[in-house]
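This report describes selected features of one protein chain.

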Amino acid sequence: MTAILAPASNVTEHMEIRVRGTVQGVGFRPHVWRLARACNLGGSVVNDASGVLIKVAGDADDIAEFRRRLEDETPPLSKIDKMEFRRTDFSDIETEFRIDETIGGETRTQITADAAMCDACREESFSPFERRYRYPFTNCTHCGPRFSIVNSVPYDRANTTMAQFELCDNCASEYSDPSDRRFHAQPIACHICGPKAWLEHLGEGIVTFDMHSMLDDVDAVCSLLQKGEIVAIRGVGGFHLACDATNEKTVQLLRQRKKRDAKPFALMARDLGIIERYCQIDDIERGLLECAEAPIVLLEKNATEALPDAVAPGLDRIGFMLPYTPMHALILRRMERPVVMTSANLSNAPQVTTNEAAKEKLSDIADYALFHNRDIANRVDDSVVRVDDGIPRLLRRSRGYAPGAISLPEGFQDAPDILAYGGELKSTFCLLKDGAAILSQHQGDLEDAETFDEYQANLKLYESIYDHRPEALVADRHPEYLSTKLAEKEAQSRNLPLAKVQHHHSHIAACMVENSVPLNAAPVLGIALDGVGFGDDGTIWGGEFMLATYTGYQRVGTFKPVAMIGGAKAIKEPWRNTYAHLTAELGWAEFKFNFDQLKLFKYLEAKPRATIDQMLKNNINVPSASSCGRLFDAVAAAIGLCDDHAAFEGQGAMLLEAAIDHDVLSSSNEESAYPFSVPDLQSTFMPYIEPLAMWQALLGDLILNTPVPIMAARFHKGLAKVITQLAEKCASRQSEQVNQIALTGGCFQNATLLKLVENKLSQMNFEVLTHSRIPANDGGLALGQAAIAAATILKDRS
């Protein structure tokens, strides 16, 4: 297709411009066409595997104006990594400016993430005077599905799941017109030629409704939700399960059917006004809710109206999002209440994406399902963001953000192509290509067979989409991680080198990359706090202080190692950690002598102590763990917040943070903090965090019937204080001055702990590095692995 404009005159200069970044599927070519037209230039613009290539010819002043505007004005969804300008002399340059057909080749461009509907498409969907009135798949170059429908690149309709839908004359006209905002919008469609949505009663087939009361099947979903039904809704990246969030009976029924005992549900509301009835929203949170990425935003509850506790049991924040597709907006048009909008799956399984799978797997959960026939090429979960002290921090990076490329720091420009396999839980993987990192969307927990199968399929898909041919593979050192075993298998079959990197070093490296720490920078002191990671000594690490660069590290401090009774069972049964800590610190005899009147004592005494004591005595399935996460579990169980069974990973820590008395927390009285000490290990002289005094103080509080919120505040204050004390001690022992401290690992997704530690370290004049664009948990692990492997290879080459 060629677009014509008035011929350029007074041709005195030619220029070729290469634009790299997220520049396909975002309206970049018509944007260039309009600029060239305004500047009276001839030439062409084309998509190719490297991004966008522009050739212009015209008066030197006009070209200078075009260049200035090209650098200053960009389409809303584009992300420019680099513009390269080269003066040249084209013998075949056109005096007219045209948009050329896409050219193939090795992929060097980036794929755009899915984007929430824009205001113009929203207005069209709700206007009875528009031909897309009430069309649930309305989109344009500024919004709509992108990554979720991509099968391959370049990003053209033929390479997406929209290929099966032939454009009608009206849509074809819009698609072909550079002045139209739907020019080359690959998912463009309408009622006549595009995907269709329909409603079925699961197990009974298509539903016929009284259309005097409901406009269409999409509108009928709203009526069903208002009546207390559970409805599966096929969205952009998968199915959701929806119900009225104010209907406690229905919310409890959804939990029962989904087998999700306590993990919080995400909610969707028609508009900000509805959200503000239940939560506080500041300007930054408002901006996040309304942005193109449209994540779930964790908001503090307010006292205006309350939702059933079953929505987010025991927590002080609720995850809300706004409708990000016309379908969601049309469903909620008449809904004056928030609705649950949670991933459609059984607990811990991947989100269902196909109509067939929904009928098979959701018929025992949902009463009805809203289907559509636009296939989902890539499952994409909703992203989750929380704002801490004015900084948005991604807790789960997926829809709207992935697979957006992450620029690597100075020194990595010649990094080889690498594939990093990530971890086991909250898994992602990462491709290094052309000096940038492509971190996958959230994959989930690989312990689930379906999730692992999908993880493997996505690895192949990404390698295909990005024409990725890695020179090396990299994985976690844990010998039992499924991702590591897969990497070993692939390395052998593809005859590629495989690097295995330490878990917490990867966390620290990910934080360094995000904060643009150069390749050859001085060592940072990394504090990596999480649940479990395989240590160099064969034990479990999880509370580590490391002096680290990209190519190496030295463990300089840690949490006190304590047994994980029953191994992985200690993660799911928090009381095991309490028992291990108390017997390690006090011994059972002293605990009984001083605290036998406590409910905690009677609770632990009823456990199979004889068997457990034999396990501890004979070192049977009681691996030693220097884990901050298990300390949180132990404390949460001790004060009765989460003892017998954790419904999900990190539940105890989340309940502990939610319970905090903020008056005690903000008090300047340092004596309110539980005491810890920082002695040295006798074997290695490495300093460690000793919790004995903390346990004595906590048990004393239990005797005094101190309220749980006060104990929760005292624990957080004390832990933050001792972390900074150990950091200072580790830094002071180094031969060279330590200026930067990186805070990473899942425990630093605790906003209270992060804020306290960051503030204290900043007051000590350290530069504190934290996460915001990459999750601090294992969702960022693959990025760190890739950086470590690349840095090591670059070092070996030099």
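## Cysteines and disulfides

A disulfide is a pair of cysteine sulfur atoms within 2.5 Å. In this predicted model, the sulfur of C642 has its closest cysteine sulfur in C747, at 14 Å, which is too far for a bond. The structure as a whole holds zero disulfides.

C642 is buried, with a relative accessible area of 5%. C39 counts as buried as well, at 5% relative accessibility.

## Confidence of the model

The average pLDDT of the chain is 93, and 96% of the residues score at least 70. Residues 1–9 are a stretch where pLDDT stays under 50. For these residues the model has 31 contacts beyond four places in sequence.

## Helix α2

Helix α2 covers residues 60–72, 13 residues in all. From its first C-alpha to its last it reaches 18 Å, close to the 18 Å expected at 1.5 Å a residue. The residues I63, F66 and L70 are buried in α2. Viewed down the axis of α2, the buried residues fall within an arc of 60 degrees, so they line one face of the helix. In general, an α-helix has 3.6 residues a turn, so residues three or four places apart point the same way.

The cover over the buried residues of α2 includes the strands β1 (13–22), β3 (51–58) and β4 (79–87), together with helix α1 (28–38). On the face turned away from the buried side, α2 carries the exposed residues D61 and D72. The N-terminal end of α2 is capped by D59, which has a side-chain oxygen 3.0 Å from the backbone nitrogen of D61.

## Helix α6

Helix α6 spans residues 248–258, and its buried residues are T250, V251, L254, R255 and K258. Down the axis of α6, these buried residues fall within an arc of 145 degrees, so they line one face of the helix. They pack against β9 (239–244) and β13 (339–343). The exposed residues K249 and Q256 are carried on the face of α6 turned away from its buried side.

Both ends of α6 have a further feature. At the start of the helix, a side-chain oxygen of N247 reaches to within 3.3 Å of the backbone nitrogen of K249. Just after the helix, K259 takes a positive phi of about 60 degrees.

S626 belongs to strand β27 (residues 624–627) and is buried, with a relative accessible area of 2%. Its side chain makes a polar contact of 2.7 Å with the side chain of E544, and another of 3.4 Å with that of T558. Apart from neighbours within four places in sequence, the residues in contact with S626 include I540, W541, G542, G543, R555, F559, K560 and P561.

R576 is in helix α15 (residues 575–585) and is buried, with a relative accessible area of 11%. Leaving aside neighbours within four places in sequence, R576 is in contact with I565, G566, K569 and A570. L486 lies 90 residues from R576 in sequence and 32 Å from it in space, C-alpha to C-alpha. I465, in helix α11 (residues 449–465), is buried with a relative accessible area of 1%. The C-alpha atoms of I465 and L486 are separated by 20 Å, the two residues being 21 apart along the chain.

## Backbone geometry in loops

Most residues other than glycine have a negative phi, and most peptide bonds are trans. A cis peptide bond joins A402 and P403, with omega about 5 degrees. P403 is found in the loop between β16 (391–396) and β17 (405–407).

Positive phi values occur at A294 and F685. A294 has a phi near 45 degrees and sits in the loop between α8 (283–290) and β11 (296–300). For F685, phi is about 65 degrees, and its place is in the loop between α21 (662–666) and β28 (688–689). A294 is buried, with a relative accessible area of 3%, whereas F685 counts as exposed at 60% relative accessibility.

Note on methods:
Residues numbered from 1 in each chain as written. Predicted model: local features only at pLDDT ≥ 70, side-chain atom pairs only at ≥ 80, totals over all residues. Heavy atoms only, no water. pLDDT = per-residue confidence, 0-100. Contact = heavy atoms within 4.5 Å. Helix = DSSP H or I, 4+ residues; strand = E, 2+ residues; numbered from the N terminus. Expected span 1.5 Å × (residues − 1). Buried < 20%, exposed > 50% of the residue type's maximum accessible area, 1.4 Å probe, protein only. Arc of directions from axis to C-beta. Polar contact = N/O pair within 3.5 Å; in protein donor to acceptor, adjacent residues only side chain to side chain.
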